[in-house]
Amino acid sequence: MKFFLSLGLVLVFSANSHASAAQKMNPIVLGVIDQKSRADYESKLLPILQKHLEACSYCEVRNLTPYNEAGDYNQAALPAQIEQASTSVQILFVNWNAKLNTESKALLPLFNQLSEKGVVLVVAAGAPKEGENSAPLHRTLFGQLPHAMIIGELGEHDRLWGTSYYGPEMLTALRPPKDLIGQGYSPMIFATRLAMNMNKKSGTEWVDYIKTKKQKTKKIWLDLNDIFGR
């Protein structure tokens with residue numbers, strides 16, 4: 001009888017310890033900036049984000065995409081949203097990239113400030129507009145940011161999908177679930193996995209840790225388990 005009583009106390013203590021540990025997890029806010037309309041974000045992106053974060057009780061998604069009154073992407077309001085991210089999120093996922101020009105260069109200092117404040121910047125490798133040729137990442141906005149985690153997507157035969165920007169600045173490229181191949185969701189899935197593990201390291205530690213992993217591996221592309229474990 002004493003044995004079962006002791007065993008019961010141990011199990012209760014263990015359950016309480018796990019519950020206490022879960023409660024101590026710092027809240028992680030994953031900010032998102034996309035160029036799609038509000039309607040497309042809510043119908044296409046948000047369900048994927050929520051699905052991949054459903055097991056993370058301390059994770060929150062916050063849409064920081066600037067919109068106009070019609071609910072379309074508003075480029076002019078982007079600087080204010082980037083500044084807001086510096087104090088409101090731990091991870092900022094930017095679901096686009098752009099070739100360097102006068103307009104995109106003006107955003108470089110703002111995104112640099114995020115890294116200086118400990119915000120982890122995860123960005124899609126991106127692709128040129130329809131009718132334009134692809135280009136090396138160093139000719140793009142986010143290819144100029146050494147602390148940005150640039151994530152691509154793999155298609156058939158583990159090759160980069162479509163006309164993606166390319167180059168050594170890309171941290172890795174991932175093969176998405178079969179039902180999502182070709183839809184550009186791999187970078188977003190990476191961002192959710194990072195959010196679930198964010199409490200294990202500081203923002204700057206994560207960037208250094210993953211880049212070191214990339215340098216030491218012989219694999220062309222690190223997968224999620226290589227980076228975060230199973």
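Biologist: Is Asp158 buried, partly exposed or exposed, and what is its relative accessible area?

Modeller: Keep in mind this is a predicted model. Buried would need a value under 20% and exposed one over 50%. Asp158 falls in between, so the label is partly exposed, with a relative accessible area of 42%.

Biologist: Which residue does Asp158 form a salt bridge with?

Modeller: Asp158 sits in the loop between E5 and E6, so look for a partner in a distant part of the chain. The closest N and O atoms of the pair are 3.0 Å apart, and the cut-off for a salt bridge is 4 Å. The partner lies in the loop between E6 and helix H6, 17 residues apart from Asp158. At 42% relative accessibility the partner is partly exposed, and its name is Arg175.

Biologist: And strand E6, how many of its residues are buried?

Modeller: E6 covers residues 170-174 and is mostly covered. Buried means under 20% relative accessible area here. The count for E6 is five of its five residues.

Biologist: What is the bridge partner of Gly152 in E6?

Modeller: Start with the pairing: strand E5, residues 149-153, runs parallel to E6. Four bridges join the two strands. For Gly152, the partner in E6 is Ala173.

Biologist: Now the helices: at roughly what angle do the axes of H2 and H6 cross?

Modeller: H2 spans residues 38-53, and its axis comes within 9 Å of the H6 axis. The crossing is right-handed. The angle is roughly 35°.

Biologist: How many residues of the contact of H2 with H6 are charged?

Modeller: On the H2 side, the contact residues include Leu45, Ile48 and His52. Those in H6 include Met188, Thr192 and Ala195. The contact divides into eight nonpolar and two polar residues, and the charged count is none.

Technical notes:
Residues numbered from 1 in each chain as written. Predicted model: local features only at pLDDT ≥ 70, side-chain atom pairs only at ≥ 80, totals over all residues. Heavy atoms only, no water. Buried < 20%, exposed > 50% of the residue type's maximum accessible area, 1.4 Å probe, protein only. Pairing = 2+ DSSP bridges. Salt bridge = Lys/Arg side-chain N within 4 Å of Asp/Glu carboxyl O. Axes fitted to C-alpha atoms, helices over the stretch in contact; angles between N-to-C directions. Left-handed = near helix turned anticlockwise from the far one by under 90°. Contact = heavy atoms within 4.5 Å. Nonpolar A, V, L, I, M, F, W, Y, C, P; charged D, E, K, R; others polar.
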